[in-house]
Amino acid sequence: MNGSQAETPRKHILVVDDSRDNLRLLSGILIQEGYTVRPVLDGQLAFSSAKTNPPDLILLDIMMPGMTGFDVCELLKTEPTLRDIPVIFISALNSVLDKVKAFSVGGVDYITKPFHPQEVLARIKTHLTLRHLQQSLQDNNQTLQREIAERRRIEAAMRQRNWELDLLNQLTNLLQGCQDERATYRVIGNICQQLFPKISGCLYLLNDRQTEIQIAEYWGASPSSCTSLFIIADI
């Protein structure tokens, strides 16, 4: 095995058929082509096996005791972790109605027995490639959605930051136009209420000895419920 093959995980194929001879034949063909094969003899075991360890693709017989291949496929499509696994029906049934039903329950292809190994391998390769492209597209879409969400978050943060800077610029301009201390306190309170709309706050004055404070302005609820505190020294 060369280096590139060693780095590529083997595709895992679940083969479901109630005939041991068919299982041996299909398993041998697939193993020779480098696939990892899990053969099972009935539908119920196939579903349980797929749920425990989801394969990359399923080759599914139709006529089996208990659960038919149609039943298995319908059940697989109800499971979020299994519904996208390609299911190729491989059956001795050759009527148009059987083929239509196979596609209606979620199959992606239909091979009639007796099958030709090269046809089976070609169809498996095609659907594994399609599945890989689908997964790549989904991964790219998820990455794109994350990038879009992150860009929106950054843009929102920038808008918030620009808005805050604009308010601070307004504060500077308004303070320059204040004629007295009372007007100054009102301007500060108004800007703080815009900057912190979800909390109440108080602006206190501290005397030069730092022994006494008094409320100069507040915003939001009453001063007794203030959750933030701003102090200006020197009454």
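Reply: Two strands pair if DSSP finds at least two bridges between them. The model discussed here is a predicted one.

Me: Why are strands β3 and β4 called paired?

Reply: Strand β3 (residues 57–60) and strand β4 (residues 87–91) are joined by three bridges in the parallel sense. At least two bridges are required, so the two strands count as a pair. Within this pairing, I58 lies opposite V87 of β4.

Me: What is the order of the strands in the open sheet?

Reply: The five strands run in the order β2-β1-β3-β4-β5, and their pairing is parallel.

Me: What makes β2 and β5 edge strands?

Reply: β2 (36–40) and β5 (109–112) each have a single partner strand, so one side of each has no neighbour in the sheet. From one strand to the next, the twist averages 20°.

Me: How do you know that helix α2 packs on the sheet?

Reply: Contact means heavy atoms within 4.5 Å. Helix α2 (residues 20–32) touches β1 (12–16), β2, β3 and β4, and its direction makes about 170° with that of β2. Helix α5 (residues 96–104) also packs on the sheet, where it touches β4 and β5; its direction makes about 145° with that of β5.

Me: Which residues are closest to the centre of the second largest pocket?

Reply: This pocket has a volume of about 180 Å³. Its lining comprises 15 residues, of which P55, D56, I85, R131 and Q135 are the closest to the centre. The lining divides into seven nonpolar, three polar and five charged residues.

Methods
Residues numbered from 1 in each chain as written. Predicted model: local features only at pLDDT ≥ 70, side-chain atom pairs only at ≥ 80, totals over all residues. Heavy atoms only, no water. Helix = DSSP H or I, 4+ residues; strand = E, 2+ residues; numbered from the N terminus. Axes fitted to C-alpha atoms, helices over the stretch in contact; angles between N-to-C directions. 1 Å grid on protein atoms, 1.4 Å probe; cavity = no way out; pocket = protein on both sides within 12 Å on 5 of 7 lines; lining within 4 Å. Points joined across faces, edges and corners; volume = space filled by probe spheres on them. Nonpolar A, V, L, I, M, F, W, Y, C, P; charged D, E, K, R; others polar.
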